[in-house]
Amino acid sequence: LQRDNKQLKKKCDRLEEEKELWAEEKERLEEENERLGQKNERLEEENERLAQDKQRSKRNISAIVTLALCAEQEAGNGGTTVATGTSSTMRDVTMQTNNNSDAT
């Protein structure tokens with residue numbers, strides 16, 4: 001009976017040590033999970049910022065293309081932009097571009 005008690009005591013001690021190791025591992029994993037959650041939040045914020053930058057770039061490219069087309073049309077009109085209203089179109093596009101940039 002004493003021998004059985006000693007064996008059970010050793011087994012209990014081993015299980016207690018193992019329990020402590022698992023508790024340490026659990027704590028380590030919880031800390032890593034917290035760190036990864038914070039990193040994920042930062043990446044989501046960065047992703048949102050990049051999406052906004054992408055939209056702003058698309059609007060800017062569109063405005064530049066429109067301005068280039070207006071300038072090309074102006075050049076083709078031989079300086080008659082006041083009569084055709086192209087200059088006001090360019091002014092409108094420029095104002096719209098500035099307003100879009102302010103909004104983001």
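Surface patches are made of residues with over 30% relative accessible area and no salt bridge, like charges being joined within 9 Å and nonpolar side chains (Val, Leu, Ile, Met, Phe, Trp, Tyr) within 5 Å. A salt bridge is a side-chain nitrogen of Lys or Arg within 4 Å of a carboxyl oxygen of Asp or Glu. The model is predicted, with local features requiring pLDDT of at least 70 and side-chain atom pairs pLDDT 80 or more, while totals for chains, interfaces and linings use all residues. Residues are numbered from 1 along each chain as its sequence is written, and side-chain values use heavy atoms, without hydrogens and water.

The protein chain contains three helices and zero strands (DSSP runs of H or I with at least four residues, and of E with at least two, numbered from the N terminus), in the order α-α-α. Of its 104 residues, 6% are buried (under 20% relative accessible area; exposed is over 50% and partly exposed in between, with a 1.4 Å probe and protein chains only). The accessible surface amounts to about 9100 Å², with 52% belonging to carbon and sulfur atoms (Shrake-Rupley method, 1.4 Å probe; for residues, only the protein chains shown count as cover).

Ile61, Val65 and Leu69 form a nonpolar surface patch of about 280 Å². Ile61 lies in helix H1 and is exposed, at 54% relative accessible area.

A patch of negative charge on the surface includes Glu16, Glu24 and Glu45 (Asp and Glu count as negative, Lys and Arg as positive, with His and the chain ends not counted; charges are placed at NZ of Lys, CZ of Arg, CG of Asp or CD of Glu). Glu24 belongs to helix H1, residues 2-76, and is exposed, with a relative accessible area of 52%.
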